[in-house]
Amino acid sequence: MKEVAENKKTKNIGEYIIYMYQMEDLLRAYAFEIADIKQYVIAHYPISEEQKNETYDWFEGLIASMKAEGKLNEGHLEATQESVEALAKIHWELLKSDQTYFDIYTKAKPHVIRMILEAGEKSPKHEIQVCVNGIYGLLLARLRSRDVPKEMLDATIAFGDVLSYLNYSYFESLGKKIREN
């Protein structure tokens with residue numbers, strides 16, 4: 001699990017963010033009981049004993065960070081949110097300088113506005129957080145075998161296009177080559 005996170009962080013920053021949100025929710029689901037996480041999650045993961053120990057330590061670190069940051073019931077780790085903020089910064093720059101990105105975002109914008117209006121006072125602070133939340137919401141709905149309205153599916157496709165372009169630009173800005181799709 002630790003290795004999965006590290007791999008995603010170096011190849012697809014959007015997937016990394018979503019994965020970390022999943023890990024936070026996993027820890028909450030187990031009420032931060034590391035012994036239960038070790039028994040019911042780590043023990044069943046097909047990795048070596050050394051990797052299991054590293055994963056255990058990684059989860060302990062995540063638990064400590066979530067407790068220190070007051071993220072026990074909701075919210076996301078500051079380190080993960082820094083990645084969201086980095087994508088938002090690229091988003092704002094690309095809107096001014098990249099017609100292709102502008103066109104991609106224009107397709108997502110009506111969905112973003114709708115989600116902001118639906119969220120009301122609990123609205124995320126920027127459009128990229130809306131896109132990430134929309135995709136994560138779809139993932140959760142599918143994990144729970146819930147029907148997803150076509151409107152939401154259309155929104156997440158548009159959000160995925162936005163995040164995909166931002167991912168490419170993110171790694172380009174770091175001077176790194178991203179994975180082949």
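**Exercise 1.** Determine how the axes of H5 and H8 are placed relative to each other, and which residues make the contact.

*Solution.* In this predicted model, local features need pLDDT of at least 70 and side-chain atom pairs count only at pLDDT 80 or more, while totals for chains, interfaces and linings use all residues. Residues are numbered from 1 along each chain as its sequence is written, and side-chain values use heavy atoms, with hydrogens and water left out.

Step 1: the axes of H5 and H8 come within 10 Å and cross at roughly 100°, where axes are lines fitted to C-alpha atoms, for helices over the stretch in contact, and angles run from 0 to 180 degrees between N-to-C directions. Helices are DSSP runs (H or I, at least four residues), numbered from the N terminus.

Step 2: H5 is therefore roughly perpendicular to H8, a term that covers angles of 65 to 115 degrees.

Step 3: on the H5 side the contact (heavy atoms within 4.5 Å) involves Ala86, Leu87, Ile90, His91 and Leu94, and on the H8 side Leu163, Tyr165, Leu166, Ser169, Tyr170 and Ser173.

Step 4: sorted by class, this contact of H5 with H8 has eight nonpolar, three polar and no charged residues; Ala, Val, Leu, Ile, Met, Phe, Trp, Tyr, Cys and Pro count as nonpolar, Asp, Glu, Lys and Arg as charged, and the others, Gly among them, as polar.

**Exercise 2.** Describe the crossing of H5 and H6 and the residues that meet there.

*Solution.* Step 1: the axes of helix H5 (residues 78-97) and H6 come within 6 Å, crossing at roughly 110°, and that makes H5 roughly perpendicular to H6.

Step 2: the crossing is left-handed, meaning that the near helix is turned anticlockwise from the far one by less than a right angle.

Step 3: from H5, His91, Leu94, Leu95 and Ser97 meet Gln99, Tyr101, Phe102 and Tyr105 of H6, and the residues of this contact divide into five nonpolar, three polar and no charged.

**Exercise 3.** Work out how H7 is oriented against H8, and which classes of residue their contact has.

*Solution.* Step 1: the axes of helix H7 (residues 127-143) and helix H8 (residues 150-173) come within 9 Å and cross at roughly 125°.

Step 2: the two helices, H7 and H8, are therefore oblique to each other, and H7 passes H8 in a left-handed crossing.

Step 3: the residues in contact include Ile128, Gly134 and Arg142 of H7 and Met152, Phe159 and Leu166 of H8; by class, the contact of H7 with H8 has twelve nonpolar, three polar and one charged residues.

Key:
Parallel < 35°, antiparallel > 145°, perpendicular 65-115°, else oblique.
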